[in-house]
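Visitor: I have a structure open and would like to talk it through with you. Could you show it here so that we look at it together?

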Number of protein chains: 2
Amino acid sequence: MAEFDFKSRYKLALDLLKEAGIMLREALEQPLEVSCKQDPTDLVTNLDYRVQDFLVSKLSQVFPEDTFLAEELTDQPDARSGAVWILDPIDGTNNLVAQRENFAIMLTFFRDGQPGFAFIYDVMGRVLLAGGGVLPVTCNGKAFAAPAACVQIERSLVSGNAAMLRDNTFGLADIARDSLGVRVYGSAGISFLKVLQGKLLTYASYLQPWDYAAAYVLAPALGYRFLEAQGQALRFQGKQPVFLIPAHLEDYFLEKIRGGGSHAFSGRI
Amino acid sequence: MAEFDFKSRYKLALDLLKEAGIMLREALEQPLEVSCKQDPTDLVTNLDYRVQDFLVSKLSQVFPEDTFLAEELTDQPDARSGAVWILDPIDGTNNLVAQRENFAIMLTFFRDGQPGFAFIYDVMGRVLLAGGGVLPVTCNGKAFAAPAACVQIERSLVSGNAAMLRDNTFGLADIARDSLGVRVYGSAGISFLKVLQGKLLTYASYLQPWDYAAAYVLAPALGYRFLEAQGQALRFQGKQPVFLIPAHLEDYFLEKIRGGGSHAFSGRI
(Lines give C-alpha, C1' and ligand atoms only; values in the text may rest on other atoms or scores of the structure.)
Protein backbone atom coordinates (compact mmCIF):
# COMPACT_ATOMS: atom_id res chain seq x y z
CA MET A 1 0.00 0.00 0.00
CA ALA A 2 1.35 3.43 -0.95
CA GLU A 3 2.19 5.76 1.88
CA PHE A 4 -0.57 8.28 2.58
CA ASP A 5 0.16 11.55 0.81
CA PHE A 6 0.32 14.22 3.49
CA LYS A 7 2.95 16.28 1.69
CA SER A 8 0.98 17.04 -1.48
CA ARG A 9 -1.94 18.14 0.65
CA TYR A 10 0.31 20.33 2.80
CA LYS A 11 1.97 21.92 -0.22
CA LEU A 12 -1.34 22.65 -1.96
CA ALA A 13 -2.92 24.05 1.23
CA LEU A 14 0.08 26.30 1.85
CA ASP A 15 -0.09 27.73 -1.69
CA LEU A 16 -3.86 28.23 -1.45
CA LEU A 17 -3.56 30.02 1.91
CA LYS A 18 -1.00 32.44 0.51
CA GLU A 19 -3.33 33.08 -2.42
CA ALA A 20 -6.26 33.63 -0.02
CA GLY A 21 -4.11 36.10 1.94
CA ILE A 22 -3.38 38.16 -1.16
CA MET A 23 -7.07 38.07 -2.09
CA LEU A 24 -8.11 39.22 1.41
CA ARG A 25 -5.61 42.06 1.61
CA GLU A 26 -6.91 43.34 -1.75
CA ALA A 27 -10.56 42.84 -0.84
CA LEU A 28 -10.14 44.81 2.41
CA GLU A 29 -9.51 47.94 0.36
CA GLN A 30 -13.18 47.69 -0.70
CA PRO A 31 -16.44 47.96 1.32
CA LEU A 32 -17.54 44.76 3.08
CA GLU A 33 -20.89 42.99 2.96
CA VAL A 34 -21.69 42.26 6.60
CA SER A 35 -24.63 40.25 7.92
CA CYS A 36 -25.68 38.88 11.32
CA LYS A 37 -25.96 35.18 12.19
CA GLN A 38 -27.36 34.40 15.67
CA ASP A 39 -27.25 37.89 17.19
CA PRO A 40 -26.09 41.45 16.33
CA THR A 41 -22.48 40.71 17.35
CA ASP A 42 -22.27 37.34 15.56
CA LEU A 43 -21.21 38.61 12.15
CA VAL A 44 -20.30 36.99 8.89
CA THR A 45 -19.02 38.75 5.77
CA ASN A 46 -18.76 38.05 2.08
CA LEU A 47 -15.07 37.36 2.74
CA ASP A 48 -15.75 34.49 5.19
CA TYR A 49 -17.74 32.76 2.44
CA ARG A 50 -15.31 33.67 -0.32
CA VAL A 51 -12.29 32.26 1.55
CA GLN A 52 -14.17 29.10 2.55
CA ASP A 53 -15.51 28.49 -0.98
CA PHE A 54 -12.07 29.08 -2.48
CA LEU A 55 -10.22 26.70 -0.14
CA VAL A 56 -12.86 23.95 -0.10
CA SER A 57 -13.36 23.96 -3.88
CA LYS A 58 -9.64 24.00 -4.71
CA LEU A 59 -8.78 21.24 -2.21
CA SER A 60 -11.78 19.16 -3.34
CA GLN A 61 -10.71 19.38 -6.98
CA VAL A 62 -7.41 17.67 -6.21
CA PHE A 63 -8.59 15.46 -3.33
CA PRO A 64 -12.23 14.65 -4.10
CA GLU A 65 -12.52 12.00 -1.35
CA ASP A 66 -11.54 14.41 1.44
CA THR A 67 -14.29 15.87 3.64
CA PHE A 68 -14.62 19.31 5.24
CA LEU A 69 -15.67 20.52 8.68
CA ALA A 70 -15.89 24.30 8.31
CA GLU A 71 -17.46 27.14 10.25
CA GLU A 72 -19.76 28.35 7.50
CA LEU A 73 -20.78 24.88 6.18
CA THR A 74 -23.84 23.10 7.53
CA ASP A 75 -22.50 19.59 6.86
CA GLN A 76 -20.29 18.48 9.75
CA PRO A 77 -18.51 15.18 9.06
CA ASP A 78 -16.92 13.12 11.83
CA ALA A 79 -13.36 14.47 12.03
CA ARG A 80 -12.16 11.17 13.49
CA SER A 81 -12.44 9.02 10.38
CA GLY A 82 -11.06 9.44 6.87
CA ALA A 83 -9.23 12.43 5.40
CA VAL A 84 -10.79 15.51 6.99
CA TRP A 85 -10.00 19.21 6.71
CA ILE A 86 -11.15 21.50 9.53
CA LEU A 87 -11.42 25.14 8.45
CA ASP A 88 -12.15 28.50 9.99
CA PRO A 89 -12.03 30.78 6.94
CA ILE A 90 -12.02 33.97 9.04
CA ASP A 91 -11.44 33.65 12.78
CA GLY A 92 -12.09 37.04 14.34
CA THR A 93 -14.73 38.29 11.91
CA ASN A 94 -15.65 41.17 14.25
CA ASN A 95 -12.02 42.34 14.14
CA LEU A 96 -12.06 42.11 10.36
CA VAL A 97 -15.22 44.26 10.28
CA ALA A 98 -14.09 46.83 12.88
CA GLN A 99 -10.32 46.88 12.36
CA ARG A 100 -9.57 45.19 9.02
CA GLU A 101 -6.85 43.28 10.84
CA ASN A 102 -6.33 40.88 13.79
CA PHE A 103 -8.09 37.94 12.14
CA ALA A 104 -6.74 34.53 11.14
CA ILE A 105 -7.39 31.71 8.71
CA MET A 106 -7.06 28.34 10.46
CA LEU A 107 -6.85 25.08 8.53
CA THR A 108 -6.05 21.60 9.87
CA PHE A 109 -5.79 18.18 8.29
CA PHE A 110 -6.56 14.91 10.12
CA ARG A 111 -6.35 11.35 8.82
CA ASP A 112 -8.45 8.86 10.77
CA GLY A 113 -8.34 11.17 13.78
CA GLN A 114 -4.55 11.48 13.70
CA PRO A 115 -3.07 14.99 13.34
CA GLY A 116 -1.58 15.56 9.89
CA PHE A 117 -0.64 19.25 9.92
CA ALA A 118 -2.15 22.66 10.60
CA PHE A 119 -1.95 26.33 9.67
CA ILE A 120 -2.64 29.50 11.64
CA TYR A 121 -2.37 32.50 9.33
CA ASP A 122 -2.45 36.07 10.69
CA VAL A 123 -3.28 37.53 7.30
CA MET A 124 -2.66 41.24 7.95
CA GLY A 125 0.25 40.63 10.35
CA ARG A 126 1.70 38.35 7.65
CA VAL A 127 2.58 35.53 10.05
CA LEU A 128 1.91 32.01 8.76
CA LEU A 129 2.60 29.21 11.25
CA ALA A 130 2.50 25.82 9.54
CA GLY A 131 3.14 22.16 10.25
CA GLY A 132 2.82 20.07 13.40
CA GLY A 133 1.51 16.48 13.34
CA VAL A 134 3.63 14.55 10.82
CA LEU A 135 5.53 17.62 9.52
CA PRO A 136 8.05 20.08 11.02
CA VAL A 137 6.78 23.47 12.18
CA THR A 138 7.70 26.54 10.15
CA CYS A 139 6.87 30.22 10.48
CA ASN A 140 6.82 32.12 7.17
CA GLY A 141 8.75 29.23 5.66
CA LYS A 142 11.55 29.15 8.24
CA ALA A 143 12.10 26.50 10.93
CA PHE A 144 10.30 27.65 14.07
CA ALA A 145 11.13 26.79 17.67
CA ALA A 146 8.72 28.27 20.18
CA PRO A 147 10.15 29.86 23.34
CA ALA A 148 7.75 27.76 25.49
CA ALA A 149 10.37 26.64 28.02
CA CYS A 150 11.37 30.26 28.80
CA VAL A 151 7.83 31.35 29.69
CA GLN A 152 7.43 32.42 33.35
CA ILE A 153 3.97 32.93 34.84
CA GLU A 154 4.82 36.17 36.66
CA ARG A 155 6.34 37.70 33.51
CA SER A 156 3.47 36.70 31.19
CA LEU A 157 0.01 37.81 30.11
CA VAL A 158 -3.21 35.77 30.08
CA SER A 159 -6.04 35.77 27.55
CA GLY A 160 -9.35 33.99 27.58
CA ASN A 161 -13.12 33.93 27.63
CA ALA A 162 -14.62 36.92 29.50
CA ALA A 163 -17.14 34.82 31.47
CA MET A 164 -14.44 32.33 32.53
CA LEU A 165 -12.33 35.24 33.80
CA ARG A 166 -15.30 36.86 35.60
CA ASP A 167 -16.47 33.64 37.29
CA ASN A 168 -13.00 32.11 37.83
CA THR A 169 -14.17 29.10 35.82
CA PHE A 170 -11.36 26.53 35.65
CA GLY A 171 -9.34 28.90 37.85
CA LEU A 172 -8.73 31.32 34.98
CA ALA A 173 -9.03 34.39 37.23
CA ASP A 174 -6.56 32.80 39.70
CA ILE A 175 -4.13 32.21 36.85
CA ALA A 176 -4.58 35.80 35.64
CA ARG A 177 -3.84 37.09 39.16
CA ASP A 178 -0.51 35.21 39.17
CA SER A 179 0.39 36.85 35.84
CA LEU A 180 1.11 40.41 34.65
CA GLY A 181 -2.48 40.88 33.49
CA VAL A 182 -5.22 40.08 31.02
CA ARG A 183 -5.36 40.89 27.32
CA VAL A 184 -8.34 40.44 24.97
CA TYR A 185 -7.69 40.23 21.21
CA GLY A 186 -11.03 38.90 19.96
CA SER A 187 -9.73 35.99 17.88
CA ALA A 188 -8.82 32.47 19.01
CA GLY A 189 -6.40 32.15 16.11
CA ILE A 190 -4.56 35.39 16.87
CA SER A 191 -4.49 34.49 20.59
CA PHE A 192 -3.21 30.93 20.04
CA LEU A 193 -0.54 32.33 17.73
CA LYS A 194 0.60 34.69 20.50
CA VAL A 195 0.76 31.77 22.96
CA LEU A 196 2.88 29.74 20.52
CA GLN A 197 5.18 32.76 20.03
CA GLY A 198 5.65 33.09 23.83
CA LYS A 199 3.69 36.37 23.91
CA LEU A 200 0.83 35.00 26.06
CA LEU A 201 1.00 32.45 28.89
CA THR A 202 -2.26 30.81 27.89
CA TYR A 203 -5.45 31.25 25.93
CA ALA A 204 -8.54 29.57 27.37
CA SER A 205 -12.09 29.54 26.05
CA TYR A 206 -15.13 27.46 25.04
CA LEU A 207 -14.36 26.69 21.42
CA GLN A 208 -15.68 24.91 18.35
CA PRO A 209 -13.42 22.44 16.48
CA TRP A 210 -12.54 24.98 13.76
CA ASP A 211 -11.35 27.33 16.53
CA TYR A 212 -9.13 24.81 18.33
CA ALA A 213 -8.02 22.12 15.84
CA ALA A 214 -4.96 24.01 14.54
CA ALA A 215 -3.61 24.86 18.00
CA TYR A 216 -4.22 21.26 19.13
CA VAL A 217 -2.10 19.96 16.22
CA LEU A 218 0.68 22.56 16.49
CA ALA A 219 1.06 22.44 20.30
CA PRO A 220 3.08 19.24 20.97
CA ALA A 221 5.92 19.96 18.53
CA LEU A 222 6.41 23.40 20.08
CA GLY A 223 6.57 22.50 23.78
CA TYR A 224 2.91 23.20 24.51
CA ARG A 225 0.00 21.12 25.79
CA PHE A 226 -3.59 21.41 24.67
CA LEU A 227 -5.95 20.63 27.59
CA GLU A 228 -9.68 19.98 27.65
CA ALA A 229 -10.50 21.69 30.94
CA GLN A 230 -12.98 19.05 32.13
CA GLY A 231 -10.53 16.27 31.35
CA GLN A 232 -12.66 14.93 28.51
CA ALA A 233 -11.57 13.86 25.03
CA LEU A 234 -11.91 16.45 22.29
CA ARG A 235 -15.03 15.49 20.33
CA PHE A 236 -14.52 17.75 17.28
CA GLN A 237 -18.25 18.47 17.52
CA GLY A 238 -19.69 21.40 19.50
CA LYS A 239 -18.01 23.70 22.00
CA GLN A 240 -15.56 22.44 24.63
CA PRO A 241 -13.52 24.32 27.26
CA VAL A 242 -9.85 24.27 26.28
CA PHE A 243 -6.49 25.69 27.40
CA LEU A 244 -3.27 26.02 25.39
CA ILE A 245 -0.39 26.04 27.91
CA PRO A 246 3.41 25.69 28.05
CA ALA A 247 4.17 22.00 28.74
CA HIS A 248 6.61 22.72 31.59
CA LEU A 249 3.80 24.48 33.51
CA GLU A 250 1.28 21.63 33.23
CA ASP A 251 1.27 20.81 36.96
CA TYR A 252 0.59 24.45 37.83
CA PHE A 253 -2.28 24.67 35.33
CA LEU A 254 -3.88 21.35 36.35
CA GLU A 255 -3.91 22.46 39.98
CA LYS A 256 -5.51 25.82 39.12
CA ILE A 257 -8.01 24.32 36.64
CA ARG A 258 -9.15 21.71 39.20
CA GLY A 259 -9.35 24.28 42.01
CA GLY A 260 -11.28 27.00 40.19
CA GLY A 261 -14.96 27.88 39.90
CA SER A 262 -17.75 25.36 39.98
CA HIS A 263 -16.62 22.95 37.26
CA ALA A 264 -15.32 19.52 38.15
CA PHE A 265 -12.10 18.33 36.54
CA SER A 266 -11.85 14.59 36.22
CA GLY A 267 -8.47 13.97 34.62
CA ARG A 268 -6.31 14.95 31.70
CA ILE A 269 -6.57 14.25 28.01
CA MET B 1 9.06 89.67 20.01
CA ALA B 2 10.14 86.66 17.96
CA GLU B 3 7.53 84.02 17.26
CA PHE B 4 7.75 81.09 19.62
CA ASP B 5 9.76 78.29 18.05
CA PHE B 6 7.50 75.25 17.94
CA LYS B 7 8.97 73.91 14.72
CA SER B 8 12.56 73.43 15.90
CA ARG B 9 11.26 71.59 18.95
CA TYR B 10 9.02 69.41 16.80
CA LYS B 11 11.81 68.59 14.36
CA LEU B 12 14.28 67.72 17.11
CA ALA B 13 11.73 65.61 19.01
CA LEU B 14 10.80 63.70 15.84
CA ASP B 15 14.45 62.89 15.09
CA LEU B 16 15.08 61.83 18.71
CA LEU B 17 12.01 59.58 18.75
CA LYS B 18 13.16 57.79 15.60
CA GLU B 19 16.58 57.34 17.20
CA ALA B 20 14.95 56.00 20.39
CA GLY B 21 12.94 53.56 18.26
CA ILE B 22 16.07 52.17 16.62
CA MET B 23 17.74 51.89 20.03
CA LEU B 24 14.72 50.06 21.50
CA ARG B 25 14.41 47.57 18.65
CA GLU B 26 18.10 46.71 19.06
CA ALA B 27 17.92 46.55 22.86
CA LEU B 28 14.95 44.15 22.73
CA GLU B 29 17.24 41.53 21.20
CA GLN B 30 19.00 41.44 24.61
CA PRO B 31 17.77 40.39 28.08
CA LEU B 32 15.87 43.06 30.03
CA GLU B 33 16.45 44.35 33.54
CA VAL B 34 13.00 44.34 35.13
CA SER B 35 12.07 45.70 38.57
CA CYS B 36 8.81 46.32 40.44
CA LYS B 37 7.53 49.73 41.49
CA GLN B 38 4.34 49.74 43.63
CA ASP B 39 3.33 46.08 43.23
CA PRO B 40 4.41 42.92 41.36
CA THR B 41 2.56 43.94 38.18
CA ASP B 42 3.78 47.57 38.23
CA LEU B 43 7.02 47.05 36.31
CA VAL B 44 9.79 49.30 35.09
CA THR B 45 12.77 48.27 32.98
CA ASN B 46 16.19 49.63 32.16
CA LEU B 47 14.65 50.69 28.83
CA ASP B 48 12.03 52.98 30.43
CA TYR B 49 14.88 54.87 32.12
CA ARG B 50 17.15 54.77 29.08
CA VAL B 51 14.51 56.26 26.75
CA GLN B 52 13.52 58.91 29.30
CA ASP B 53 17.13 59.92 30.03
CA PHE B 54 17.93 60.06 26.32
CA LEU B 55 14.96 62.25 25.37
CA VAL B 56 15.10 64.56 28.40
CA SER B 57 18.87 65.13 28.16
CA LYS B 58 18.89 65.73 24.41
CA LEU B 59 15.91 68.10 24.51
CA SER B 60 17.35 69.92 27.54
CA GLN B 61 20.68 70.48 25.79
CA VAL B 62 18.99 72.46 23.02
CA PHE B 63 16.15 73.98 25.06
CA PRO B 64 17.56 74.41 28.59
CA GLU B 65 14.60 76.48 29.83
CA ASP B 66 12.02 73.80 29.00
CA THR B 67 10.68 71.63 31.82
CA PHE B 68 9.66 67.95 31.86
CA LEU B 69 6.73 66.05 33.34
CA ALA B 70 7.65 62.39 32.85
CA GLU B 71 6.49 59.09 34.26
CA GLU B 72 9.81 58.05 35.76
CA LEU B 73 10.82 61.52 37.08
CA THR B 74 9.93 62.63 40.60
CA ASP B 75 9.84 66.35 39.75
CA GLN B 76 6.41 67.25 38.35
CA PRO B 77 6.24 70.82 37.03
CA ASP B 78 2.95 72.58 36.37
CA ALA B 79 2.19 71.70 32.75
CA ARG B 80 0.05 74.84 32.40
CA SER B 81 2.84 77.44 32.45
CA GLY B 82 6.01 77.80 30.39
CA ALA B 83 7.45 75.39 27.84
CA VAL B 84 6.65 71.89 29.13
CA TRP B 85 7.25 68.43 27.69
CA ILE B 86 5.08 65.56 28.95
CA LEU B 87 6.68 62.16 28.40
CA ASP B 88 5.81 58.52 28.84
CA PRO B 89 9.05 56.82 27.77
CA ILE B 90 7.44 53.35 27.61
CA ASP B 91 3.67 53.12 27.82
CA GLY B 92 2.75 49.44 28.16
CA THR B 93 5.85 48.27 30.05
CA ASN B 94 4.17 44.95 30.90
CA ASN B 95 3.65 44.32 27.18
CA LEU B 96 7.30 45.18 26.54
CA VAL B 97 8.34 42.66 29.22
CA ALA B 98 5.93 39.86 28.19
CA GLN B 99 5.65 40.43 24.43
CA ARG B 100 8.49 42.73 23.37
CA GLU B 101 5.88 44.66 21.39
CA ASN B 102 2.60 46.57 21.84
CA PHE B 103 4.16 49.48 23.73
CA ALA B 104 4.37 53.17 22.81
CA ILE B 105 6.48 56.24 23.45
CA MET B 106 4.25 59.29 24.04
CA LEU B 107 5.62 62.83 24.00
CA THR B 108 3.68 66.09 24.07
CA PHE B 109 4.70 69.75 24.10
CA PHE B 110 2.66 72.54 25.72
CA ARG B 111 3.37 76.25 25.88
CA ASP B 112 1.60 78.07 28.69
CA GLY B 113 -1.01 75.33 28.76
CA GLN B 114 -1.71 75.56 25.02
CA PRO B 115 -1.19 72.38 22.94
CA GLY B 116 1.91 72.60 20.76
CA PHE B 117 2.18 69.12 19.23
CA ALA B 118 2.30 65.47 20.27
CA PHE B 119 3.65 62.07 19.27
CA ILE B 120 2.34 58.55 19.77
CA TYR B 121 4.92 56.05 18.58
CA ASP B 122 4.11 52.32 18.32
CA VAL B 123 7.77 51.36 18.23
CA MET B 124 7.51 47.71 17.12
CA GLY B 125 4.49 48.30 14.87
CA ARG B 126 6.48 51.19 13.34
CA VAL B 127 3.59 53.65 13.41
CA LEU B 128 4.50 57.22 14.40
CA LEU B 129 1.56 59.61 14.68
CA ALA B 130 2.78 63.20 15.03
CA GLY B 131 1.45 66.76 15.17
CA GLY B 132 -1.81 68.23 16.40
CA GLY B 133 -1.98 71.55 18.28
CA VAL B 134 -0.23 74.14 16.06
CA LEU B 135 1.03 71.63 13.45
CA PRO B 136 -0.63 69.32 10.90
CA VAL B 137 -1.00 65.64 11.78
CA THR B 138 1.18 63.11 9.99
CA CYS B 139 1.53 59.35 10.23
CA ASN B 140 5.00 58.05 9.33
CA GLY B 141 5.67 61.37 7.67
CA LYS B 142 2.57 61.41 5.46
CA ALA B 143 -0.51 63.62 5.88
CA PHE B 144 -3.02 61.72 8.02
CA ALA B 145 -6.79 62.07 8.05
CA ALA B 146 -8.51 59.88 10.62
CA PRO B 147 -11.66 57.99 9.56
CA ALA B 148 -13.50 59.36 12.63
CA ALA B 149 -16.65 60.37 10.76
CA CYS B 150 -17.13 56.85 9.35
CA VAL B 151 -17.10 55.14 12.76
CA GLN B 152 -20.42 53.44 13.64
CA ILE B 153 -21.05 52.21 17.18
CA GLU B 154 -22.56 48.86 16.17
CA ARG B 155 -19.62 48.11 13.84
CA SER B 156 -16.91 49.07 16.35
CA LEU B 157 -14.97 47.69 19.31
CA VAL B 158 -14.54 49.26 22.76
CA SER B 159 -11.49 49.29 25.02
CA GLY B 160 -11.07 50.59 28.55
CA ASN B 161 -10.31 50.12 32.20
CA ALA B 162 -11.40 46.69 33.50
CA ALA B 163 -13.06 48.05 36.66
CA MET B 164 -14.99 50.67 34.67
CA LEU B 165 -16.27 47.91 32.38
CA ARG B 166 -17.16 45.62 35.32
CA ASP B 167 -18.99 48.31 37.32
CA ASN B 168 -20.46 50.20 34.33
CA THR B 169 -18.68 53.32 35.57
CA PHE B 170 -19.47 56.24 33.25
CA GLY B 171 -21.69 53.83 31.33
CA LEU B 172 -18.72 52.03 29.79
CA ALA B 173 -20.41 48.62 29.97
CA ASP B 174 -23.54 50.09 28.34
CA ILE B 175 -21.38 51.49 25.54
CA ALA B 176 -19.63 48.12 25.14
CA ARG B 177 -23.02 46.37 24.86
CA ASP B 178 -23.98 48.66 21.98
CA SER B 179 -20.73 47.73 20.19
CA LEU B 180 -19.25 44.55 18.67
CA GLY B 181 -17.30 43.79 21.85
CA VAL B 182 -14.42 44.62 24.18
CA ARG B 183 -10.71 44.44 23.45
CA VAL B 184 -7.87 44.86 25.97
CA TYR B 185 -4.39 45.80 24.67
CA GLY B 186 -2.64 46.84 27.90
CA SER B 187 -1.31 50.21 26.73
CA ALA B 188 -3.09 53.57 26.66
CA GLY B 189 -0.82 54.70 23.82
CA ILE B 190 -1.51 51.66 21.63
CA SER B 191 -5.25 51.93 22.42
CA PHE B 192 -5.47 55.68 21.68
CA LEU B 193 -3.62 55.05 18.42
CA LYS B 194 -6.22 52.44 17.45
CA VAL B 195 -9.04 54.90 18.24
CA LEU B 196 -7.40 57.58 16.08
CA GLN B 197 -7.01 55.02 13.26
CA GLY B 198 -10.73 54.13 13.46
CA LYS B 199 -9.95 50.64 14.84
CA LEU B 200 -11.61 51.24 18.23
CA LEU B 201 -14.74 53.27 19.02
CA THR B 202 -13.29 54.59 22.27
CA TYR B 203 -10.65 54.06 24.93
CA ALA B 204 -11.63 55.05 28.46
CA SER B 205 -9.60 54.81 31.65
CA TYR B 206 -8.26 56.60 34.73
CA LEU B 207 -5.03 58.06 33.43
CA GLN B 208 -2.01 60.14 34.43
CA PRO B 209 -1.02 63.17 32.32
CA TRP B 210 1.77 61.26 30.52
CA ASP B 211 -0.84 58.67 29.49
CA TYR B 212 -3.40 61.13 28.11
CA ALA B 213 -1.59 64.31 27.02
CA ALA B 214 -0.73 63.12 23.49
CA ALA B 215 -4.25 61.89 22.70
CA TYR B 216 -5.69 65.12 24.11
CA VAL B 217 -3.52 67.18 21.73
CA LEU B 218 -4.01 64.96 18.65
CA ALA B 219 -7.79 64.49 19.02
CA PRO B 220 -9.30 67.79 17.73
CA ALA B 221 -7.44 67.87 14.40
CA LEU B 222 -8.58 64.30 13.65
CA GLY B 223 -12.30 64.61 14.34
CA TYR B 224 -12.17 63.30 17.90
CA ARG B 225 -13.08 64.71 21.30
CA PHE B 226 -11.18 64.13 24.52
CA LEU B 227 -13.60 64.09 27.47
CA GLU B 228 -12.96 64.23 31.21
CA ALA B 229 -15.73 61.89 32.34
CA GLN B 230 -16.72 63.92 35.40
CA GLY B 231 -16.87 67.11 33.34
CA GLN B 232 -13.83 68.61 35.09
CA ALA B 233 -10.86 70.37 33.55
CA LEU B 234 -7.77 68.24 32.93
CA ARG B 235 -5.34 69.09 35.75
CA PHE B 236 -2.20 67.47 34.30
CA GLN B 237 -1.56 66.23 37.85
CA GLY B 238 -2.75 62.83 39.11
CA LYS B 239 -5.22 60.41 37.58
CA GLN B 240 -8.45 61.51 35.92
CA PRO B 241 -11.18 59.51 34.13
CA VAL B 242 -11.01 60.22 30.40
CA PHE B 243 -12.62 59.11 27.12
CA LEU B 244 -11.31 59.56 23.57
CA ILE B 245 -14.36 59.51 21.26
CA PRO B 246 -15.35 60.35 17.66
CA ALA B 247 -16.68 63.93 17.67
CA HIS B 248 -19.85 63.09 15.73
CA LEU B 249 -20.87 60.67 18.53
CA GLU B 250 -20.45 63.16 21.38
CA ASP B 251 -24.17 63.34 22.24
CA TYR B 252 -24.39 59.54 22.46
CA PHE B 253 -21.33 59.35 24.73
CA LEU B 254 -22.41 62.19 27.02
CA GLU B 255 -25.78 60.50 27.56
CA LYS B 256 -24.14 57.15 28.38
CA ILE B 257 -21.43 58.69 30.58
CA ARG B 258 -24.01 60.66 32.59
CA GLY B 259 -26.33 57.67 32.91
CA GLY B 260 -23.81 55.02 33.93
CA GLY B 261 -22.64 53.72 37.28
CA SER B 262 -22.49 55.81 40.43
CA HIS B 263 -20.43 58.77 39.21
CA ALA B 264 -22.03 62.16 38.69
CA PHE B 265 -21.29 64.02 35.49
CA SER B 266 -21.56 67.77 35.83
CA GLY B 267 -20.79 69.09 32.37
CA ARG B 268 -18.30 68.94 29.54
CA ILE B 269 -14.76 70.22 29.28
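Visitor: Which side chain makes a polar contact of 2.8 Å with the side chain of Asp66(A)?
Guide: Happy to start there, and do keep in mind that this is a predicted model. Asp66(A) sits in the loop between α2 (46-62) and β3 (67-70) of chain A. Its side chain makes a polar contact of 2.9 Å with the side chain of Trp85(A). The partner at 2.8 Å is the side chain of Arg9(A).

Visitor: Is Asp66(A) buried or exposed?
Guide: Leaving aside neighbours within four places in sequence, Asp66(A) is in contact with Arg9(A), Ala83(A), Trp85(A) and Phe109(A). The cut-off for buried is under 20% relative accessible area. Asp66(A) has 7%, so this residue counts as buried.

Visitor: Where does Ala204(A) lie, and what is its relative accessible area?
Guide: Ala204(A) belongs to strand β11 (residues 202-207) of chain A. Not counting residues up to four places away in sequence, Ala204(A) touches several others, among them Met164(A), Leu172(A), Val242(A) and Phe243(A). Ala204(A) is buried, and its relative accessible area is 0%.

Visitor: Which backbone nitrogen does a side-chain oxygen of Asp5(A) reach at the start of α1(A)?
Guide: Helix α1 covers residues 6-27 of chain A. Its 22 residues reach 31 Å from first C-alpha to last, close to the 32 Å expected. At the start of this helix, the side-chain oxygen of Asp5(A) comes to within 3.4 Å of the backbone nitrogen of Lys7(A).

Visitor: What radius of gyration does chain A have, and how does that agree with a compact globule?
Guide: Chain A holds eight helices and 13 strands, and buried residues make up 59% of its 269 residues. Along the principal axes, its C-alpha trace spans about 50 × 50 × 35 Å. A compact globule with 269 residues would have a radius of gyration near 18 Å, so chain A agrees with its value of 18 Å.

Visitor: Which three residues of chain A supply 27% of the area it buries against chain B?
Guide: The contact takes 25 residues from chain A and 25 residues from chain B. Between the two chains, about 2,100 Å² is buried, with carbon and sulfur atoms giving 49% of that area. On the side of chain A, the three residues that supply more than any other three are Gln99(A), Arg155(A) and Leu180(A).

Technical notes
Residues are numbered from 1 along each chain as its sequence is written. Chains are lettered from A and ligands numbered from 1 in the order in which they are written. This is a predicted model: local features need pLDDT of at least 70, side-chain atom pairs count only at pLDDT 80 or more; totals for chains, interfaces and linings use all residues. Side-chain values use heavy atoms; hydrogens and water are left out. Helices (H or I, at least four residues) and strands (E, at least two) are DSSP runs, numbered from the N terminus. The expected span of a helix is 1.5 Å times one less than its number of residues. A polar contact is a pair of N or O atoms within 3.5 Å; within protein, one must be able to donate a hydrogen and the other to accept it, and residues adjacent in sequence count only if both atoms are side-chain atoms. The radius of gyration is taken over C-alpha atoms; the globule rule is 2.2 Å times the number of residues to the power 0.38. Buried means under 20% relative accessible area, exposed over 50%, partly exposed in between (1.4 Å probe, protein chains only). Contact means heavy atoms within 4.5 Å. Buried area is the accessible area (1.4 Å probe) that two parts lose on being put together, summed over both.
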